[in-house]
Amino acid sequence: MKMAAPGLRHGMRRLLEVSAALGRVCRAYSTSQAFAEVLRLPRRQLTKLVYPLQDLEQHLAPDARSDLCLRVFDPSLEDLARAESFFTASPRNRIEYLSSAVRLDHAPDLPRPEGHTKKMNFFKVGKYFTLVDMPGYGYRAPEDFVDMVETYLKERRNLKRTFLLVDSVVGITKTDNIAIEMCEEFALPYVMVLTKTDKSSKGHLLKQVLQIQKFVNMQTQGCFPQLFPVRCRNLHLGKLPRLSGTM
């Protein structure tokens, strides 16, 4: 019993540290109900949802872990709560639909078909930035996709980051490569977001993550080195591979 006591004390201390951190998050920021529920999850489940790459790391062989960029971007729970608060609408933090544009000089207010963006849709997120939801590329892309999106990406001087959504079930496709080449050609800073990570087995997801990470490391210049996996239920931007940007 005496031999187990130091380990038990260490475990209790870690548990108290996590509990204290969660308490600070809840006190410091007015989190949404969904995020508050995540913070109440057991630590293992919380890590799986909030830090999915770190959850995958434990299933990798030691010699493979060095290939995966895990903590280039490593926000604390407080950082995540603050970021989450940006997307929580309130009287002081308005999230507004601005317009839809089929050309840079044309922004009609038209209804958006569910799950299939045909235009660029602009959303102002408080006083922080504007999020631009761009059409999906590929076989269902709008006929004027190149004229619309390529021109925007090339000429928009205040574009801060482009997010390329890649289906983690199928990996990088030919159409993804076209979008990647466009970002590289225009020297755009971009990020790869791996969607539908809850639609694959653990083994298949690990294989895809390592292959995509190798692609980023070896064949890109402007891509942020760390991948951002998201579950299907956490993302509601339609079913097509697409680009999004912030400005």
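Author: Start with one term: buried means under 20% relative accessible area, exposed means over 50%, and partly exposed lies in between (1.4 Å probe, protein chains only). By that rule Y152 is buried, with a relative accessible area of 1%.

Reader: What kind of model is this, and how are its residues numbered?

Author: This is a predicted model, where local features need pLDDT of at least 70, side-chain atom pairs count only at pLDDT 80 or more, and totals for chains, interfaces and linings use all residues. Residues are numbered from 1 along each chain as its sequence is written, and side-chain values use heavy atoms, with hydrogens and water left out.

Reader: What is the mean pLDDT of the chain?

Author: First the idea: pLDDT is the predictor's confidence in each residue, from 0 to 100. Here the chain has a mean of 75. Of its residues, 70% reach 70 or more.

Reader: Which elements have the lowest and the highest mean pLDDT?

Author: Elements come from DSSP runs, numbered from the N terminus: helices are H or I with at least four residues, strands are E with at least two. Helix α1 (residues 5-28) has the lowest mean, 46. Strand β5 (residues 190-195) has the highest, 94. Over residues 1-19 the pLDDT is below 50. Beyond near neighbours in sequence, that stretch has two contacts in the model; a contact means heavy atoms within 4.5 Å. Residues 234-241 are also below 50, but this stretch has 16 contacts beyond near neighbours in sequence. Where pLDDT is low, the predicted coordinates should not be read in detail.

Reader: How do strands β2 and β3 pair?

Author: Two strands pair if DSSP finds at least two bridges between them. Strand β2 (residues 120-125) and strand β3 (residues 129-136) pair in the antiparallel sense, over five bridges. F122 has V132 as its bridge partner in β3. The two strands form a hairpin with three residues between them. In the turn, G126 has a positive phi of about 55°. In a regular strand the side chains alternate between the two faces of the sheet.

Reader: How many aromatic pairs are there?

Author: Rings of Phe, Tyr and Trp (its six-membered ring) pair if their centres lie within 6.5 Å. Planes under 30 degrees apart count as stacked, over 60 as edge-to-face, and the rest as tilted. The count by this rule is four. One of them joins F86 and Y128, and it is stacked: 4.0 Å centre to centre, with 25° between the planes. This pair links distant parts of the chain, 42 residues apart. F86 is in helix α6 (residues 77-86), and Y128 is in the loop between β2 and β3. F86 is buried at 15% relative accessibility, while Y128 is partly exposed at 39%.

Reader: What angle lies between the planes of F122 and Y152?

Author: The angle is 75°, so the pair counts as edge-to-face. The ring centres are 6.1 Å apart. F122 sits in strand β2 and Y152 in helix α7 (residues 145-155), 30 residues apart. F122 is buried too, at 11% relative accessibility. Elsewhere, ring pairs link F73, F224 and F228 into a cluster.

Reader: How many salt bridges does the structure have?

Author: Side chains of opposite charge can pair when their charged atoms come close. The rule asks for a side-chain nitrogen of Lys or Arg within 4 Å of a carboxyl oxygen of Asp or Glu. The search finds three. K202 and D55 meet at 3.2 Å, N to O. K202 is in helix α9 (residues 202-219) and D55 in helix α4 (residues 52-57), 147 residues apart. K202 is partly exposed at 32%, whereas D55 is buried at 8%.

Reader: Which residue forms a salt bridge with E57?

Author: The partner is R71, with the closest N and O atoms 3.7 Å apart. E57 lies in helix α4 and R71 in the loop between α5 (62-65) and α6, so the pair ties together parts 14 residues apart in sequence. K196 and D167 also meet in a salt bridge, at 3.2 Å, N to O.
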